[in-house]
Amino acid sequence: MMSQFKRSLVTTALPYANGPVHIGHLAGVYVPADIYVRYLRAKGREVVFIGGSDEHGVPITIKAQKEGVTPQDIVDRYHNLIKKSFEEFGISFDIYSRTSSKTHHELSSAFFEKLYKEGKFIEKTSMQYYDEKAGQFLADRYIVGKCPHCGNERAYGDQCEACGTSLNATDLINPVSAITGNTPQLKETKHWYLPLDQYEGWLKEWILEGHKEWKSNVYGQCKSWLDNGLQPRAVTRDLDWGVPVPIEGVKGKVLYVWFDAPIGYISATKDLTPDWEKYWKDKDTRMIHFIGKDNIVFHCIIFPAMLKAEGSYILPDNVPANEFLNLEGDKISTSRNWAVWLHEYLEDFKGKQDVLRYVLTANAPETKDNDFTWKDFQTRNNSELVAIYGNFVNRALVLTHKYFEGKVPKAGELAPYDKEVLAEIPCIIERVEKNLESFHFREALKECMNLARLGNKYLADTEPWKLIKTDEERVKTILNICLQITADLAILSEPFMPFSAKKLRGYLNKDSLNWDEMGADVLPEGHQLNEAGLLFDKIEDEEIQRQLDRLQATKKANEMNNVKVAPAKPNISFEDFQKLDIRAGKIMAAEKVAKTKKLMKLTIDTGIDQRVVVSGIAEYYTPEEIIGKRVSILVNLEPRNLKGIESQGMILMVEDADGSLAFVAPEKEVKAGSEIR
């Protein structure tokens, strides 16, 4: 396929600048894209790698409103965090741009204007909710109400997150504005739509007939959309954050984020090079979009329809979308903080970028959703990277230093086993290339590791540490072959693990190694090697447990946030309330009640007397820590016998959502017996 093109344009989905990047983003989009681009560069092919932040849309304005800052403050914060994280992780963009840039606003406006003037849009008037107090139309996420399906009182105007049902704002029962709390009114508004139905026939031919080589998950989703029929889609919306609609007299409307975001690929390329049109308008350019499955319809149907309507741009040749990555058996969720955040990983596992790149590639959700677990992360590092790849490289280099002063020995006559091993190397390389060309990154990585396995087995089988006493010439040949495999590994693994490949080149005393050198004598006889270190470190159980504990804390916090407060009990009269005699008291003595789990015997100074109270707090407090503690005690509760002890009152406790207890006590020192009312 590549032979048809002179160059490649590779884009990655623009992450929303309202939060950090997590491992789901990396596995689905950025790691496979970076592997592919690094491979193309290694092969000497012309390629530009485009990335950037998507900085418009309602989620950003909502986050800004919650924090009491401007949308620009939000996008500046997260754009810089995301960009820095990508750089530290080795995602090798040629440019990482942003859709709030001047270039992007100008280019998006020009794109819209061309289609508008050529009559490519249709105008439609509809009724939308309007908040009179706020003086603005409400985007779907700014409207909350009762879900008509499950009764959730906090459903949004586009979806109920409790039952997952897609909604229209007008479906909600008792809708209110999330901005002011007012009941919104339906009001007429005009918008411009891209008539996707007019492109349906062309899209069917272009995708279903012309791109049968696309991944089955991508092709299948496109077919489903096309079979169900396409509808006109609004390209403008009522909002004050985004690219203003460039029509004279139109105010308070911006380009819909789905329309302006993919134009961000074009504006980023324009910021990168004055020759940007060569990558977007020359049929000799191959455009490839790396995205997640939630973006398939936008990149395979809607964006191509936009490009077709404009008329001067090329269309994507492939869209190798991945499925979703789950975390410890649960769906990754930004709102629930159920994620492994890239910036935190880089802090917790310094210098281990390649371990995460390796694990995410080995477990990539290429054809179905997959699961990331910390135990698998540890196992793959210790059993594969350390025990196979790192072990082979370290032994080959250490033995060369031990026996031949770190100089590459000369290979003598080859034994049949040597020839067999050497013959396998080009086969492995070919399989890696074939899988990379067809976007099968898991298989490509597996074949790359097969080269390390080949070397490891060869070294173990030949046992040069035993032969050195009797046949030094044979050892020279063995280590020469091991070092050539090591050099091949430094080249072959670079797209997958660039940091380790660079470190390995340092051990080999080679500033650079070329892809087409593999399979030959990469290291000449007599070449001086540098001292070797450990390519990978073992990851201990404690490090993994810290990550699991963090997730467990997140799960507990989510459970507590989801606990519904108990409904109010029936009203009582003021006279009934006055019957309760609640006093400030002080715990003078405490001991656990024998043969019970929860009960504790307390002696409390009530100001009236000192009395015994039995309380179910032993699971949350020790006797030693509560002696002297101020409490609130109901002193006129009828005595009750508990485990043979007469309990003369009740101390007041508050029960948290997780069932834990805390004392209800005066905030300052008060005299025992003071009334609480």
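**Rings, cysteines and backbone**

Modeller: Phe-137 is buried, at a relative accessible area of 14%. This is a predicted model, so local features need pLDDT of at least 70 and side-chain atom pairs count only at pLDDT 80 or more, while totals for chains, interfaces and linings use all residues. Residues are numbered from 1 along each chain as its sequence is written, and side-chain values use heavy atoms, with hydrogens and water left out.

Biologist: What makes Phe-137 buried?

Modeller: Buried means under 20% relative accessible area, exposed over 50%, and partly exposed in between, with a 1.4 Å probe and protein chains only. Phe-137 has 14%, so it is buried. Tyr-130, with 13%, is buried too.

Biologist: Why is the pair of Tyr-130 and Phe-137 called edge-to-face?

Modeller: Rings of Phe, Tyr and Trp (its six-membered ring) pair if their centres lie within 6.5 Å; planes under 30 degrees apart count as stacked, over 60 as edge-to-face and the rest as tilted. The centres of Tyr-130 and Phe-137 are 5.0 Å apart and the planes stand at 75 degrees, so this is an edge-to-face pair. A search of the whole structure finds 37 aromatic pairs.

Biologist: What makes Trp-280 and Tyr-313 an edge-to-face pair?

Modeller: Their ring centres are 6.2 Å apart and their planes are at 80 degrees, so they are edge-to-face. The pair links distant parts of the chain, 33 residues apart: Trp-280 is in helix 8 (residues 276-281), and Tyr-313 is in the loop between helix 9 (296-310) and strand 14. Helices (H or I, at least four residues) and strands (E, at least two) are DSSP runs, numbered from the N terminus. Trp-280 is buried at 0%, and Tyr-313 is buried at 11%. Ring pairs also link both into a cluster whose members include Phe-111, Trp-192 and Trp-258.

Biologist: How do you know that Arg-233 lies over the face of Trp-258?

Modeller: A charge sits over a ring if NZ of Lys or CZ of Arg is within 6 Å of the ring centre and within 35 degrees of the ring normal. Arg-233 is at 5.5 Å from the ring centre of Trp-258. Likewise, the charged end of Lys-124 sits over the ring of Tyr-193, 4.6 Å from its centre.

Biologist: What makes Cys-427 partly exposed?

Modeller: Its relative accessibility is 32%, so Cys-427 counts as partly exposed. Cys-160, at 0%, is buried.

Biologist: Where does helix 12 bend?

Modeller: Helix 12 (residues 374-404) bends by about 40 degrees at Gly-390. The bend is the angle between axes fitted to the seven residues ending there and the seven starting there. Just after helix 12, Glu-405 takes a positive phi of about 55 degrees.
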